[in-house]
Amino acid sequence: MAPVLPLVLPLQSRIRLAQGLWLLSWLLALAGGLTLLCSSHLLVQLQYLGTFLAPSCPFSALPQVALVAGAVALGTGLGGAGASRASLDAARYPPWRGVLGPLLAAGTVGGGGLLVFALGLALGLPMSLVEGLEEGLGTALTRYKDTEVPGHCHAKLLMDELQLRHHCCGRHGYKDWFGVQWVSNRYLDPSDQDVVDRIQSNVEGLYLTDGVPFSCCNPHFPRPCLQSQLSDPYAHPLFDPQQPNLNLWAQGCHQVLLGHLQSLASTLGSMLAVTFLLQALVLLGLRYLQTALEGLRGVIDAEEETQGYLFPGGLKTAWLQGGVAHRAAPEKTPPEEAPPKELG
């Protein structure tokens with residue numbers, strides 16, 4: 001069978017191909033490095049913000065797969081740069097001759113597969129953040145008061161840091177705090193009749209108020225922060241309850257974190273797409289260069305034309321066997337005819 005997608009490459013074309021591959025390989029290495037940085041940054045963000053995601057949310061798989069894909073792309077780029085540069089020097093190419101096959105196989109199966117998988121995750125997993133943040137932030141609000149419960153001791157600190165750092169309040173707004181008890185029972189006065197009435201009026205025995213934690217306060221507001229009796233229009237005569245954003249953070253943390261994490265995922269997805277495109281170009285170029293040089297039988301600076309291809313003799317031939325050039329089978333010589341016997 002004829003080779004798949006053959007390409008005739010004279011000496012000057014092989015030189016230009018090697019030079020172009022050297023540049024593309026370094027661009028691939030750069031893209032792989034940037035993918036590593038983006039995925040590492042997202043992993044670091046999830047170490048902090050993962051507290052506010054549901055345990056069942058699979059979003060953390062995206063930076064983990066992208067991290068491995070970026071490392072493989074970086075290695076492929078560095079290997080491609082070395083091989084393409086060595087192909088211009090007959091003395092330096094022989095050690096790379098046995099490396100190109102495994103490099104192409106690892107880059108195609110490992111790197112290409114991981115990049116496609118990571119791209120699929122980048123497109124699909126951000127949608128899981130909506131439910132993951134909904135559940136995780138709801139749990140964080142209910143655990144805010146559990147400062148002395150083992151395993152929940154840092155829930156208040158983490159929630160306060162989240163609201164102060166990201167300028168948000170509650171899950172979808174400041175009124176979310178009205179529906180949870182966020183003051184620990186340790187700091188409630190059981191002799192206070194108001195406290196007793198509030199607890200007894202709740203079917204779950206919770207102390208609910210129309211107030212918010214201090215971390216919901218906007219420090220840019222010129223007057224002291226109003227944290228309690230926010231639903232009473234007569235408690236604060238100079239405060240307009242219809243415009244709480246003048247005193248408290250206007251956005252809920254769900255909206256803020258969703259936008260933040262989806263933005264990081266979008267950036268990572270863009271880097272994965274660029275890396276995949278560069279890796280495909282580098283692998284194709286290396287394959288053509290490899291098969292073209294093998295057709296010269298080691299004399300890589302020969303002036304004669306040679307043929308590069310993707311697969312020798314059809315797709316059934318393994319990728320790793322591309323190191324052997326496509327050569328025509330030797331013609332079979334017909335058997336010699338026996339001399340006629342003399343009739344005697």
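# Salt bridges, a helix pair and disulfides

Colleague: How far apart are N and O where the side chains of K145 and D146 meet in a salt bridge?
Modeller: K145 and D146 do pair through their side chains, in what is a predicted model, where local features need pLDDT of at least 70, side-chain atom pairs count only at pLDDT 80 or more, and totals for chains, interfaces and linings use all residues. Residues are numbered from 1 along each chain as its sequence is written, and side-chain values use heavy atoms, with hydrogens and water left out. A salt bridge needs a side-chain nitrogen of Lys or Arg within 4 Å of a carboxyl oxygen of Asp or Glu. For K145 and D146, the N to O distance is 3.6 Å.

Colleague: Is D146 buried or exposed?
Modeller: The cut-offs are under 20% relative accessible area for buried, over 50% for exposed and partly exposed in between, using a 1.4 Å probe and protein chains only. D146 has a relative accessible area of 15%, so D146 is buried.

Colleague: How many salt bridges does the count come to?
Modeller: Side chains of opposite charge can pair when their charged atoms come close. Applying the rule for salt bridges here, the count comes to 5.

Colleague: In which helix do both K156 and D160 lie?
Modeller: K156 and D160 form a salt bridge, with their closest N and O atoms 3.0 Å apart. Helices are DSSP runs of H or I with at least four residues, strands are runs of E with at least two, and both are numbered from the N terminus. The two residues are 4 apart, about one turn of the helix. Both lie in residues 155–166, which is helix α5.

Colleague: Which helix holds both D194 and R198?
Modeller: The side chains of D194 and R198 meet in a salt bridge, 3.3 Å from N to O. D194 is partly exposed at 39% relative accessible area, and R198 is partly exposed too, at 30%. The residues are 4 apart, about one turn, within residues 193–200, which is helix α6.

Colleague: On to the helix packing: at what angle do α2 and α3 pack?
Modeller: Axes are lines fitted to C-alpha atoms, for helices over the stretch in contact, and angles run from 0 to 180 degrees between N-to-C directions. Helix α2 covers residues 61–86, helix α3 covers residues 94–124, and their axes are 8 Å apart. The angle is about 150°.

Colleague: What does that make α2 relative to α3, roughly parallel or antiparallel?
Modeller: Angles under 35 degrees count as roughly parallel, over 145 as roughly antiparallel, 65 to 115 as roughly perpendicular and the rest as oblique. The angle of about 150° therefore makes α2, relative to α3, roughly antiparallel.

Colleague: How many charged residues are in the contact of α2 with α3?
Modeller: Ala, Val, Leu, Ile, Met, Phe, Trp, Tyr, Cys and Pro count as nonpolar, Asp, Glu, Lys and Arg as charged, and the others, Gly among them, as polar. The contact of α2 with α3 has 19 nonpolar and 7 polar residues, and the number of charged ones is: no charged.

Colleague: Now the cysteines: how many disulfides does the structure hold?
Modeller: A disulfide is a pair of cysteine sulfur atoms within 2.5 Å. With the bonded cysteines numbered in sequence order, the pairing is 1-6, 2-3, 4-5. The number of disulfides in the structure is 3.

Colleague: How many residues apart are C168 and C253?
Modeller: C168 and C253 form a disulfide with their sulfur atoms 2.1 Å apart. The pair links distant parts of the chain, C168 being in the loop between α5 and α6 and C253 in helix α7 (residues 253–294). Both cysteines are buried.

Colleague: Where is C216?
Modeller: C216 is joined to C169 by a disulfide, 2.1 Å from S to S. This pair also links distant parts of the chain, 47 residues apart. C169 is in the loop between α5 and α6, while C216 is in the loop between α6 and α7.

Colleague: What is the angle about the S-S bond in the link of C217 and C225?
Modeller: The sulfur atoms of C217 and C225 are 1.8 Å apart. C217 is buried at 11% relative accessible area, whereas C225 is partly exposed at 28%. The link is left-handed, and the angle about the S-S bond is -80°.
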